[in-house]
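Okay, thanks for coming, everyone. Let me put the structure up on the screen and we'll walk through it together.

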Number of protein chains: 2
Amino acid sequence: MTVRLGILGYGNLGRGVECAVKETNDTELVAVFTRRNPSDVTIASPDVPVVAAEELLSWKDKIDVLVICGGSATDLPVQTPEYAKYFNVIDSFDTHANIPTHFANVNASAEASHHTAMISVGWDPGLFSLMRAYTNAVLPNGSDYTFWGKGVSQGHSDAIRRIEGVADARQYTIPVEEALQSVRNGENPELTTRQKHIREAFVVLKEGADAEAIEREIKEMPNYFADYDTTVHFISAEEMKANHSGLAHGGFVFRSGTTGVDHEHGHVIEFSLKLDSNPEFTSSVLVAYARAVKRLYDQGDFGCKTVFDIPPVLLSESSPEELRAHLL
Amino acid sequence: MTVRLGILGYGNLGRGVECAVKETNDTELVAVFTRRNPSDVTIASPDVPVVAAEELLSWKDKIDVLVICGGSATDLPVQTPEYAKYFNVIDSFDTHANIPTHFANVNASAEASHHTAMISVGWDPGLFSLMRAYTNAVLPNGSDYTFWGKGVSQGHSDAIRRIEGVADARQYTIPVEEALQSVRNGENPELTTRQKHIREAFVVLKEGADAEAIEREIKEMPNYFADYDTTVHFISAEEMKANHSGLAHGGFVFRSGTTGVDHEHGHVIEFSLKLDSNPEFTSSVLVAYARAVKRLYDQGDFGCKTVFDIPPVLLSESSPEELRAHLL
């Protein structure tokens, strides 16, 4: 079986999908679709066409799964339900609070058109969600802890950039080491927002900006920073480019719980990711699940799916026999 | 839905299943079956009958899933295929090398009788297998590392107990901290057997036994100890009972790999378990998967399954909607 993939949107995520396809023997990149002028978009694969997004529908029969690489704020809520009318689709929609609505929209569209769709694939939502589901099921009496970082938070960086006098900003979310250690030791701590993560901001000022006022405005910003211990560093544009262009990220999911007649035995389950490239890792997860989408479609299993619905065997290039013999 | 469970075999694992059922709202323990004289077996649940194993077949219609809590060496290879003729069954068969044969036997039996069976459920095989499968799929270019411990290895303890002059023995498998750290740092080390784990043995001697000769025999025992750095401690029977009766265990699964045009980005995925009670945790996993077995049976999905075949949604007491809203 070869899974023929199309990419819609060639940013960091689209580029990552292009790379991830090359690590498999059974997926193939058929075309990259862009809303920009195709002649302005140079991709890494010389023999793959770059096509205007308006032409997508004429590729219906050449693509098994369309990997939609847009943003969760405005792109995916429109694109995924729309293209599920014509394609099997997969996205990495990551606005947790809006997942039920997005699911309902995509499901309606995919069920009506007899396609298989999958949303919220990546690491959180994605692998972290899987960990929460598995560990809650196998350890019903316990507590969940999720920590993010160290990594750049796009939303918090954007919030700083919107401040008058700020030319550029990058904000790192960092788990508090003592909190991690306490959870890891099975102490079941009750942690406030401030006790779980610290925030570190690197800011480039516009000429004449008031550093002290900006630092105060950042640290007191409600929702984003007021509930955290935040450190602000003012740096030059050169330093920003040299030291803060990376896309590393990661995090931790814990389940800490007990078993036994009197709950006398404690257990700690820990899952962690250390990622040099957040978008490339997310893309790698997308490509594995795109394989599952094609297999479900071939079985006539239509509608919208999430990572909770997919048996692990469908993700693998290896046969069930090979998996049982070598990985079980 | 209530899942009515029977337990076959009331050792540590059977007792663990009995405990785990109490942590759920949708499973119920119907009876405990034993090969011993039922009147000699006292269980923790006063209102659950203890029944002779020979009477099992008359309970066919009262049990949704039979949890077979025997040993992998001689019990399960016989019991699981046999009882899959009459029941939906689940076991924790953990002799990795024999899984394909056990699978084939159980599958033939369950397919013929239209039952759903599941083998090799627990943490290794089980959750660790899941981690290997998921992480291989999402990071195809990489290396796997599994470490066990710190915990008692039953097989290695038994090997020492068979030595002339040994009254009792307990052997701990312990991961080497430097090896863990190197893998965690993404250094992709090539590790020999000796570099991954150390072995620590606690031995009670029979009167007049030659401690020096026994220590040498342990350390030079092929397969079991010769390839490891092993420490041997001679202790009293009282000390054995006081300090080495615990059933704690655990371990680590890592996937370390790269993505990017030139594989320039490294990623490390780590999953670990720290368990106060190995059998109670294994039992907890069995009960969650027993729920899935019943659901697959109700869907008419017969034959033998492993953790690779089960979508996570089937493990949970929560509805798919709740899982999407709260854990995705």
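So, to start: what volume does the second largest pocket have? About 1,400 Å³. And keep in mind as I talk that this is a predicted model.

Let's stay with that pocket for a bit. It's lined by 37 residues, and the ones closest to its centre are Asp94(A), Val152(A), Gln154(A), His249(A) and Asn278(A). If you sort the lining by class, you get 20 polar residues, twelve nonpolar and five charged. Where does the lining come from? Helix 5 of chain A gives the largest share, with four residues. Chain A also has helix 1, strand 9, strand 10 and helix 10 among the elements that each supply at least two residues.

Helix 10 of chain A, residues 278-298, packs on helix 4 of chain B, residues 127-138, with the axes 8 Å apart and an angle of about 105 degrees. So helix 10 of chain A is roughly perpendicular to helix 4 of chain B. On the chain A side, the contact uses Phe281(A), Ser284(A), Val285(A), Ala288(A) and Tyr289(A), and helix 4 of chain B brings Tyr134(B), Ala137(B) and Val138(B).

Last bit: how do the chains relate? Rotate chain A by 180 degrees, with 0.0 Å of shift along the axis, and it superposes on chain B with an RMSD of 0.1 Å. The two copies are therefore related as by a two-fold rotation axis. Both copies use the same surface, too: 100% of the contact residues of chain A recur in chain B.

Note on methods
Residues are numbered from 1 along each chain as its sequence is written. Chains are lettered from A and ligands numbered from 1 in the order in which they are written. This is a predicted model: local features need pLDDT of at least 70, side-chain atom pairs count only at pLDDT 80 or more; totals for chains, interfaces and linings use all residues. Side-chain values use heavy atoms; hydrogens and water are left out. Copies are superposed by least squares on the C-alpha atoms of residues with pLDDT of at least 70 in both. Contact means heavy atoms within 4.5 Å. Axes are lines fitted to C-alpha atoms, for helices over the stretch in contact, and angles run from 0 to 180 degrees between N-to-C directions. Angles under 35 degrees count as roughly parallel, over 145 as roughly antiparallel, 65 to 115 as roughly perpendicular and the rest as oblique. On a 1 Å grid over the protein atoms alone, a cavity is a set of points where a 1.4 Å probe fits but cannot get out, and a pocket is an open set with protein on both sides within 12 Å along at least five of seven lines; lining residues have an atom within 4 Å of a point. Grid points are joined across faces, edges and corners, and a volume is the space filled by probe spheres set on the points. Ala, Val, Leu, Ile, Met, Phe, Trp, Tyr, Cys and Pro count as nonpolar, Asp, Glu, Lys and Arg as charged, and the others, Gly among them, as polar.
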